[in-house]
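Here is a walk through one protein model, written for someone meeting it for the first time. Have the picture open as you read.

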Amino acid sequence: MGTPVNIIVGSHVWVEDPEIAWIDGEVTEINGSNATIITSNGRTVVAEISSIYPKDTEAPPAGVDDMTKLAYLHEPGVLHNLAIRFSLNEIYTYTGNILIAVNPFRRLPHLYDIHMMQQYKGAAFGELSPHLFAVADTCYRAMINENGSQSILVSGESGAGKTETTKMLMRYLAFMGGRSGTEGRTVEQQVLESNPVLEAFGNAKTVKNNNSSRFGKFVEIQFDKNGKISGAAIRTYLLERSRVCQVSDPERNYHCFYMLCSAPPEDVKKYKLGDPKQFHYLNQSNCYQVSNVDDAKEYLETRNAMDIVGINQEEQDAIFRVVAAILHLGNIEFVKGNEVDSSKLKNEKSVFHLRTAAELCDEKALEDSLCKRVIVTPDGNITKPLDPDAASLSRDALAKTVYSRLFDWIVDKINSSIGQDSNAVSIIGVLDIYGFESFKINR
Ligand SMILES: Nc1ncnc2c1ncn2[C@@H]1O[C@H](COP(=O)(O)OP(=O)(O)OP(=O)(O)O)[C@@H](O)[C@H]1O
Ligand SMILES: [Mg+2]
């Protein structure tokens, strides 16, 4: 915080505003602990002196690129500085060695092209305009010069731009540490292509973000003694499992379900799919499409990215078979069975979905596992029937478990195909951490 200042008549201050957060104004009267302020939009406001902040009248009109240069480092000062810079198309600002990014919500390709990377290569931190390439470059050089591992933490609320930033950081590290001219797929290419694969299975449209990561991700890039990328490992955690069987307007389930429903006709037929509206796990929400996203195209791109990260055709087919089986599983409905508190399949349609889901395993075993519960006792196993509600819950629990195991399997597969370098000299880790939403009730 800046130096404490006395607020007197004539002081320029920031006062809270219900619409624009903070507004500037001039104090015209002080009465005990209250100050009267005429704001710059001509209103008269009375506020507690303890809730208003001094305004730096000598601050540069275009803002400062490092907020440690601000006379007052308080909330209105910081927000005002970020806002002026944003209005001048400067989305990045430093606070010491922390980079703050304000999401532009539009593509700014010139900011991330190869010329920009070349400019930041080797430039001292702070010499050029604030940029994520400067952070990545400093990190890379610190690793080379000090032979020590480094980490970059990317945080912010949902939709702030963490995942986009993480991808760009990885691109810069690939630019610095990549091996050009190497035959076949390079580690960096595989690391970059792992993004669309993970996003297909771990991202979904939410209220806040059309491509929200529903898992945390730590990417560890390994370097050899020459500073070249020699291996990588991706760690993911806490995939949001409940989304698999529960979605509400205006959100969607994981992208892969919609992609598969929009796959080429032969694939849709093979997996016995069709309109997403017919699947219980998708039709609890009325949202099926994401603006500017073509699920059919994404399906082919995901398949292509899978090829690059080393998931072969057979494995891809197995993955999508599981995705389809989960949709069929969700459509199995139950009604009361003949015994008390028991259940059975509702109709022929449910039998069809059970059969299709069961093409993965044993049909009878699947039906029993849904409609019955096995209790293990010292005298042996007892099988107890489940009522229709309990059977639906066991169906959903199975869907969630299968989906999260599928996700983990894909991550493992990517890791083993990229390969780890056990002789790596140092690593750079990039953490894209999710889950900063604050709810009134947090479950
Ligand atoms: N630097 C950028 N340039 C252009 N667009 C951006 C940039 N950063 C973010 N966006 C836009 O904002 C959207 C949301 O960003 P992103 O998915 O990275 O958010 P996130 O912080 O990872 O959110 P979540 O926690 O929900 O995963 C992106 O899909 C993209 O449209
Ligand atoms: Mg994200």
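## Ground rules

Helices here are DSSP runs of H or I with at least four residues, strands are runs of E with at least two, and both are numbered from the N terminus. For a helix, the expected span is 1.5 Å times one less than its number of residues.

This is a predicted model, in which local features need pLDDT of at least 70, side-chain atom pairs count only at pLDDT 80 or more, and totals for chains, interfaces and linings use all residues. Residues are numbered from 1 along each chain as its sequence is written, while chains are lettered from A and ligands numbered from 1 in the order in which they are written.

## The overall picture

The protein comes to 13 helices and 17 strands, and its C-alpha trace spans about 85 × 60 × 50 Å along the principal axes. Of its 443 residues, 32% count as buried; that label takes 20 or more other C-beta atoms within 10 Å of a residue's own, exposed means 12 or fewer, partly exposed is in between, and C-beta atoms are placed from the backbone.

Two residues are in contact if their C-beta atoms, placed from the backbone, lie within 7 Å. Among contacts with a separation of 6 or more, 61% join residues 24 or more positions apart.

## Helix H3

How far apart are the end C-alpha atoms of helix H3? They are 21 Å apart, and that agrees with the 21 Å that its 15 residues (132-146) should span at 1.5 Å a residue. The buried residues of H3 include Leu132, Phe133, Tyr140 and Met143.

## The N-terminal stretch

An unreviewed UniProt entry annotates residues 8-57 as "domain: Myosin N-terminal SH3-like"; such annotations may be inferred rather than shown by experiment, with positions given in the numbering used here and feature names shortened. In the model, residues 8-57 are 0% helix and 60% strand, with end C-alpha atoms 15 Å apart.

Lysine 55 sits in the loop between strand S5 (53-54) and helix H1 (75-87). Is lysine 55 buried or exposed? Lysine 55 is buried, because 23 other C-beta atoms lie within 10 Å. Leaving aside neighbours within four places in sequence, lysine 55 is in contact with His12, Val13, Trp14 and Asp24.

## Around the ligand

The unreviewed UniProt entry also lists a "binding site", including Ser158, Lys162 and Thr163. Serine 158 lies in the loop between strand S8 (150-154) and helix H4 (162-177) and counts as partly exposed, because it has 16 C-beta neighbours inside 10 Å. Threonine 163 lies in H4 and has 21 such neighbours inside 10 Å, so threonine 163 counts as buried.

Ligand 1 is surrounded by 18 residues, the closest being Gly161, Lys162, Thr163, Ser212 and Ser213; a residue is near a molecule if its C-beta atom, placed from the backbone, lies within 6 Å of it. H4 and strand S10 (212-213) each give two or more residues to this shell, and H4 has the largest share, three residues.

## The cores

A nonpolar core is a set of buried Ala, Val, Leu, Ile, Met, Phe, Trp, Tyr and Cys residues joined through C-beta atoms within 7 Å. The largest has 80 residues, and Ala136, Leu173 and Ile221 are among those with the most contacts inside it. Helix H13 (residues 388-418) gives the largest share of this core, nine residues. Apart from it lies another core, of eight residues, including Val15 and Tyr53.
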